[in-house]
Structure formats: structure tokens, C-alpha cells
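Hi everyone, thanks for making time today. I'd like to walk you through one structure, going from side chain to side chain, so please have a look at it with me.

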Amino acid sequence: VRNPGNIFGVLKGAVDGGLDIPHKCKRFPGYNAEEKSYDADAHRARIFGSHVSSWMDELEEKDQALYQRQFSAYVAAGITSEDIEGMYERVHAAIRANPQRTTVAKEGKPNSFNQKKLNLKQRKERVATKKAVMTNRLMASM
């Protein structure tokens, strides 16, 4: 059975935020199925990115090029593996201080992949234009 982490991250955040949601800790990181015990410290470490910082250290030692590519945004911002937990703590504190979601205005025109709907006259003109272009190509190649 797959364990979709985002759903349980939301559940953990909602429970920590004070909502009374019936749940079991079996699906959270830090639960040991063999011992049937839950380690809250392991879950906290996961929330604060210890797995990311250890992966950063491992990549930095083994493959510098892959590290630069994978963590380019962190490198550009000057964030090292030692800064990850502090970064998450600051983010959590900022969310607690102002939980309202803010939207950032995007620059430029939005991506739109759907063509504008054409009426019958416009569709017929488009087909006629395509036919004319193809006819000109055929005549030119002869």
C-alpha cells in the first residue's frame, strides 16, 4: 500500500493546529510496525528536513555536479545542509504569525494552451487559408 505523504502531512498539520480529527499514527514517519510504537522525534526530524540535509551532505560528497544541479536554488540562496532545520523553523514561525495565504502576482501573460473558440465563418476561412497554402506549395514543387 502506497503512503501518499502529502495527505498525512496535511493531517499532521491540522491535528497540530488544534482540529480534532480521529487518526492513528501508523502511517506517519517514525512508526515502527514491528514494535508497534511511534517515535515523535523521528517524525519531527522528517518535518524539519533532516532527510533533506543528510541527502545534501551525501550528494555533496559523492557527486558535486549532481549536487549543484539538484540544489541549485539552495546554493544560489546560500543555504547549506546545516541551515535546513533553521529555515523550516523560520517558515513555521512565519505561518503561525500570519496564517493567511498570500498570493504573488505573476509577471507576463498566463500560459494558455487552449485555442480561442472560432465561429463557423472563422473556421471556414482558416480551412481556406490552409488549402491555399498547400496548393501553392504543390504548385511550387512541380
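**A walk through the contacts**

Let's start with Ser 53, which is found in helix H3; helices here are DSSP runs of H or I with at least four residues, strands are E runs with at least two, and both are numbered from the N terminus. Before going further, a word on the source: this is a predicted model, where local features need pLDDT of at least 70 and side-chain atom pairs count only at pLDDT 80 or more, while totals for chains, interfaces and linings use all residues. Residues are numbered from 1 along each chain as its sequence is written, and side-chain values use heavy atoms, with hydrogens and water left out.

Back to our serine: is Ser 53 buried or exposed? Ser 53 is buried, with a relative accessible area of 14%. The cut-offs are under 20% relative accessible area for buried, over 50% for exposed, and partly exposed in between, using a 1.4 Å probe and protein chains only. Setting aside residues up to four places away in sequence, Ser 53 touches Ser 81 and Ile 84, where contact means heavy atoms within 4.5 Å.

**The nonpolar core**

Now to the core. In soluble globular proteins, nonpolar side chains tend to be buried together. A nonpolar core here is a set of buried Ala, Val, Leu, Ile, Met, Phe, Trp, Tyr and Cys residues joined through side-chain atoms within 4.5 Å. The largest such core has eight residues: Val 52, Met 56, Leu 59, Tyr 67, Phe 71, Ile 79, Ile 84 and Met 87. H3 and H6 each supply at least two residues of this core, and H3 gives the most, with three.

Please find Met 56 on your screens. Which residues does Met 56 touch, not counting those up to four places away in sequence? The partners of Met 56 are Tyr 67, Phe 71, Tyr 74, Ile 79, Thr 80, Ser 81 and Ile 84.

**The rings**

Next, the aromatics. Rings of Phe, Tyr and Trp (its six-membered ring) pair if their centres lie within 6.5 Å; planes under 30 degrees apart count as stacked, over 60 as edge-to-face, and the rest as tilted. By this rule there are four aromatic pairs. One of them joins Trp 55 and Phe 71 edge-to-face, at 5.2 Å centre to centre and 75 degrees between the planes. This pair links distant parts of the chain: Trp 55 is in helix H3 (residues 50-62), while Phe 71 is in the loop between helix H4 (64-70) and helix H5 (72-77), 16 residues apart. Trp 55 is partly exposed at 40% relative accessible area, whereas Phe 71 is buried at 6%.

Phe 71 also forms a pair with Tyr 67, and this one is tilted: 5.7 Å centre to centre, with 45 degrees between the planes. Tyr 67 counts as buried, at 6% relative accessibility. Ring pairs link Trp 55, Tyr 67, Phe 71 and Tyr 74 into a cluster.

**The charges**

On to the charged side chains. Side chains of opposite charge can pair when their charged atoms come close. A salt bridge here is a side-chain nitrogen of Lys or Arg within 4 Å of a carboxyl oxygen of Asp or Glu, and the whole structure has four of them.

One of them is between Asp 16 and Lys 12, with the closest N and O atoms 3.3 Å apart. Both lie in helix H1 (residues 5-16), four residues apart, about one turn of the helix. Asp 16 is exposed, with a relative accessible area of 54%.

Salt bridges that share partners join Arg 44, Glu 85 and Glu 89 into one network.

What about the exposure of these three? Arg 44 is partly exposed at 37%, Glu 85 is partly exposed at 36%, and Glu 89 is partly exposed at 36%.
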